[in-house]
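I opened the model to take notes on its surface, its fold and one side chain. The entries follow in the order I looked things up.

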Amino acid sequence: VLVGRFGLVLKAVALTSLLMGIILTLYTASRGGLLGLVTFLLLFLVLRVHNVKRVFKIGVLLALIVGAFVSADKINIERYQTLGSLEDDYNMKEGGRVDNWERGLRLLAENPLTGVGVLSFAPAVGWQRGAEGVASNKWATAHSTYIEVLTETGVIGGTAYFLLIFTTIRTFNRLPRSSTTHPDPGIAVLPGLLLARF
């Protein structure tokens, strides 16, 4: 909307939504959310997106930085600083994310072809903990789509999943980014943005 042929009111709404979405992401204090946001912004700056000039990209980035700076008192900076010292983090302990990833990979090794079944990651990890005499964790989600898909669907489903991702990235990369090939020039920006997103 910001680079397309839309009216000033829609552009203002789009810019406000973009800024509020970024600030809300920062308010959550999600470290994964922060890493995803930074990754997207870096790719947005580097990848070619039709009709989006570097000056516009830098302007959006500066607007986001100003928005984050203005809202800094509401952002849990201390939580983000823990990214530099993860050894004491709860994710590195029993029942944390790394433990769940390792358990998922062990379950995959036990059921390599078909996995433990769709939507069965949490119960399978719970049963695994129970068999080992470890107190079961109610919240034993994988927190990683890749580990979850591999554990639940095995090599067969995991291969299909990764091929879908690869095909999607390749398609967005190959799509022409010239407005002459699109009936609506506003659509020409989508391949570059979706490529950065993937």
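I looked up the accessible surface of the protein chain: about 12500 Å². Carbon and sulfur atoms hold 68% of that surface. The areas come from the Shrake-Rupley method with a 1.4 Å probe, and for residues only the protein chains shown count as cover.

I noted the ground rules. This is a predicted model, where local features need pLDDT of at least 70, side-chain atom pairs count only at pLDDT 80 or more, and totals for chains, interfaces and linings use all residues. Residues are numbered from 1 along each chain as its sequence is written, and side-chain values use heavy atoms, with hydrogens and water left out.

Next, the fold. I found eight helices and zero strands in the protein chain (DSSP runs numbered from the N terminus: H or I for helices, at least four residues; E for strands, at least two).

I checked the dimensions. The C-alpha trace spans about 60 × 45 × 25 Å along its principal axes.

Then burial. Of the 198 residues in the protein chain, 30% are buried (under 20% relative accessible area; exposed is over 50%, partly exposed in between; 1.4 Å probe, protein chains only).

Why does Arg31 count as buried? Because its relative accessibility is 7%. I listed its contacts (heavy atoms within 4.5 Å), leaving aside neighbours within four places in sequence: Arg79, Tyr80, Thr82, Leu83, Leu86, Asp89, Tyr90 and Asn91.
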